[in-house]
Amino acid sequence: MSHLLQPEGLVGRKSAEFKRLVDALPYGGFTGAIILAEVGDEAAADLACAQLVSSASKCGAIVLGFDTETRPVFKRGQPQNPICLVQLASGSVAGLFRLYPGLPLPKALRLLLEDDSVLKVGQDALKETVQMAALWEMMPRGILDAHHFVAAAGSRCGGVAGMGAAFLGLRIAKSQSTTNWEAPQLSEAQMRYAATDAWVCREAYRCSEAARLERCYADRPQLFLSREVRELNAVKATLYELVRQVEASCKASSKRHTCL
């Protein structure tokens, strides 16, 4: 829905305006328990998945933040490395699952990712699930790409750092993003960073609910589109969906006539 944004639109994470707006916010991140499941550690994966579902269930519908990491590439044109870490987070527990292509996913993780009754919210989540499908011949379900509710809420900031700023009022440190995620042992800073990325997605989604969103608008109006533009975009979105449905109906009708 980003095509609906008006000239006051998105603020890029590397822009001077974003830096100015975010620098005034306090640093924050995930402070809960982190359970690390190394490659092949089914017991740790079982524990992490059980704790994630149990802790998220206390808030009603089960919603988890979702993210992945890959070892960074620094040369232009070099292909992206495969996913080596999956992060899931509730409000109080984060599960970090280290993976290796060619080795099976932990059984508990596969079941949780394929459970469509558990909503998994992540930045670029759809792209990451396609990558997982190619690597492990499975398709995560119950996936929501954060882009949809970020755009619907009228946020001017994209990405995890942007969601942290607009929805949570927090400055999210990103210094660990280019570290080696395939290192033999992850540092405490890496684990906290990975957990925070997943946690931010979940908490931002929860803040996109109408009552909480009004508080975000009031507290950080400069990080959101104006109310007038948000209302205009809502009308445009409705019309866009109607046009899409009419076009689909016309195509279906045309196919039926062709068959006759």
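Partly exposed here means a relative accessible area between the buried limit of under 20% and the exposed limit of over 50%. Keep that scale in mind while touring this predicted model.

Stop 1: Select Glu214 and Arg227. They form a salt bridge, with the closest N and O atoms 3.2 Å apart. Glu214 lies in helix 8 and Arg227 in helix 9 (residues 227–259), so the pair ties together parts 13 residues apart in sequence. Glu214 is partly exposed at 39% relative accessibility. Arg227 is also partly exposed, at 41%.

**Stop 2: helix 1.** Select Lys19 and Asp23. Their side chains meet in a salt bridge (2.8 Å, N to O). Both residues lie in helix 1, 4 residues apart, about one turn of the helix.

**Stop 3: a buried pair.** Go to Arg202 and Glu203. Their side chains form a salt bridge (2.6 Å, N to O). Arg202 is buried at 2% relative accessibility, and Glu203 is buried at 12%. The whole structure has 11 salt bridges.

**Stop 4: the largest nonpolar core.** This core has 34 residues; Phe149, Met163 and Phe167 are among those with the most contacts inside it. Helix 7 (188–207) is one of the elements giving it two or more residues. Helix 7 supplies the largest share, 7 residues. Now select Leu213: its contacts include Ala153, Phe167 and Phe224.

**Stop 5: the second core.** A separate core of 28 residues includes Phe66, Leu113, Trp136 and Ile143. Finish at Thr129, in helix 4 (residues 125–136). Thr129 is buried, at 4% relative accessible area. Thr129 contacts Phe66, Met139, Pro140 and Ile143, leaving aside neighbours within four places in sequence.

Conventions
Residues numbered from 1 in each chain as written. Predicted model: local features only at pLDDT ≥ 70, side-chain atom pairs only at ≥ 80, totals over all residues. Heavy atoms only, no water. Core = buried A, V, L, I, M, F, W, Y, C linked by side-chain atoms within 4.5 Å. Buried < 20%, exposed > 50% of the residue type's maximum accessible area, 1.4 Å probe, protein only. Contact = heavy atoms within 4.5 Å. Salt bridge = Lys/Arg side-chain N within 4 Å of Asp/Glu carboxyl O.
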